[in-house]
Amino acid sequence: METPMPRRASPWMLVWIAAVGLAACGGEAPAPRAAAADAPTAGDEAAPEPAAPVGPPRSYVADEDTIVVRVDMARVRASSISSDIGSLVRSYPTWQRLLGRSGIDPVRDFDRVLVSAPTAITDRATMVIHHRLSGADVREAVLNMAVAEGEQPAWREVGGFDVVDWPAPTDPPRVVILSGPSEFVVTTPDDLERVIAVASDHRARRRGDETVEPALVLEDGTVATVVAEEMSEYGRSRMRHAPEAFEVVLRDDAEAEGHLRLRARGTYADADAASAAARYYVTQRNEYAGNMMVRAVGLDRPLREATIEAEGNRLDVTAAFTEEEIQRVLGLVALGGLGAGG
C-alpha cells in the first residue's frame, strides 16, 4: 500500500495559507477627510505642521511574532493561474463562512498581503492588506457581512482611524482598522492599541498612497514568502523530521520563463538532525517521483529535479514548477479541501 504524500511546503500552499488567514478579515481605507480648518487668510499665522517621525518606520509585525506570511497578489493576478487560485480560495469552506458574503475577492481586490502571528495564523494574527477597493466598497462589504449575520455594523473612531468589529464568528474576534489609503489592518481587540500606534507612525510618514509597512516590501520577482522562526507543536506532530524553524520563498524563475522557483530552508538542532532529514526527504522524493498517480497528473518532473541538500544544521530544498504544473496542484488541493470540509 502506498503511503500518502508527505506534508511539505509548496508554492500553492503559500497563497492558500495567506487566503485562509484572511478569512478572518475584510475592509479598506476610508474616504479622504475634509480639512480641519480653512486655509489661513492674510495676517493669520499657519499652525506649524507636526514634526515627521525620525528613524525607521514601525512595523505591524510584533516583536513576539514568529510567523510571517507575505504574498504579492498583484503578481499572482497577472499570472495565467490567477483564475485557478481565485477558484480555490472561493471554494474553501472557511472563506465561504467568514468572507464569502462580503463580495471581496483576494485575487481580484488585493495587491499585497501580510500575515504575522506569534504561533499560528489562526490564533492572534495581524493582517495588513494593500488593496484596490474604494472606501464605499469596504463599507458595503462590512454591511453585507453584518446583514448576513443579523447585525448592524457600528463604525467608531480610535486614534483618528475608522474601526469596526468584523461581523463574523471568528475566534478570537477581529477588528478592522482603515489604516490608510488603499490599506486596512485586521487584528484582535487586545492588539488594537499597538496597531493604532503603528498606523499613526505610518500616517505621519506617508506621501500619497505609498506603502509604508516595511514587511510589505518584497524583492522584485518574489511571489510569496513564509517565515516561521519557531515550528509549532502541532506542525511538528504532523511532519517527520520537522525543522526547528523554516523559510519558504516562491519567485519567478529567472532562468526559465513561465516557471516558478521554490526555495525552502529548514533549520535543525544540529548537523546530524539536518542530515537525517535530508536522507529521509530524498527517499520520499524518489518514491513519489515514481508513484503512478504522481506521474498520471504530471508532477513527477519537479520531484525528480528537486534538490535536497544538508549543510551544517540547515536543509535546503529547491524546485521549479511550470504554471501548468501548479494548475494541476491547485486542482488537487481544491479536491482535498472540499473532501476535508474545511
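How many contacts beyond four places in sequence does the model have for residues 338-342? Select them and you'll find 6, a contact being heavy atoms within 4.5 Å. The pLDDT (the predictor's confidence in each residue, from 0 to 100) stays under 50 there.

A word on ground rules: this is a predicted model, where local features need pLDDT of at least 70, side-chain atom pairs count only at pLDDT 80 or more, and totals for chains, interfaces and linings use all residues. Residues are numbered from 1 along each chain as its sequence is written, and side-chain values use heavy atoms, leaving out hydrogens and water.

Now colour by confidence: the protein has a mean pLDDT of 80, with 78% of its residues at 70 or more. Residues 1-43 fall below 50.

Next, select Phe110 and Phe184. Their rings make an edge-to-face pair, 6.2 Å centre to centre with 65° between the planes; rings of Phe, Tyr and Trp (its six-membered ring) pair if their centres lie within 6.5 Å, with planes under 30 degrees apart counting as stacked, over 60 as edge-to-face and the rest as tilted. Phe110 and Phe184 are both buried, that is, under 20% relative accessible area (1.4 Å probe, protein chains only).

Jump to Tyr280 and Tyr281: the centres are 5.0 Å apart and the planes at 70°, so this pair is edge-to-face too. Tyr280 is buried at 17%, Tyr281 at 12%.

Last stop: Arg139, whose charged end sits over the Trp155 ring, 4.4 Å from its centre (the cut-offs are NZ of Lys or CZ of Arg within 6 Å of the ring centre and within 35 degrees of the ring normal).

Methods
Buried means under 20% relative accessible area, exposed over 50%, partly exposed in between (1.4 Å probe, protein chains only).
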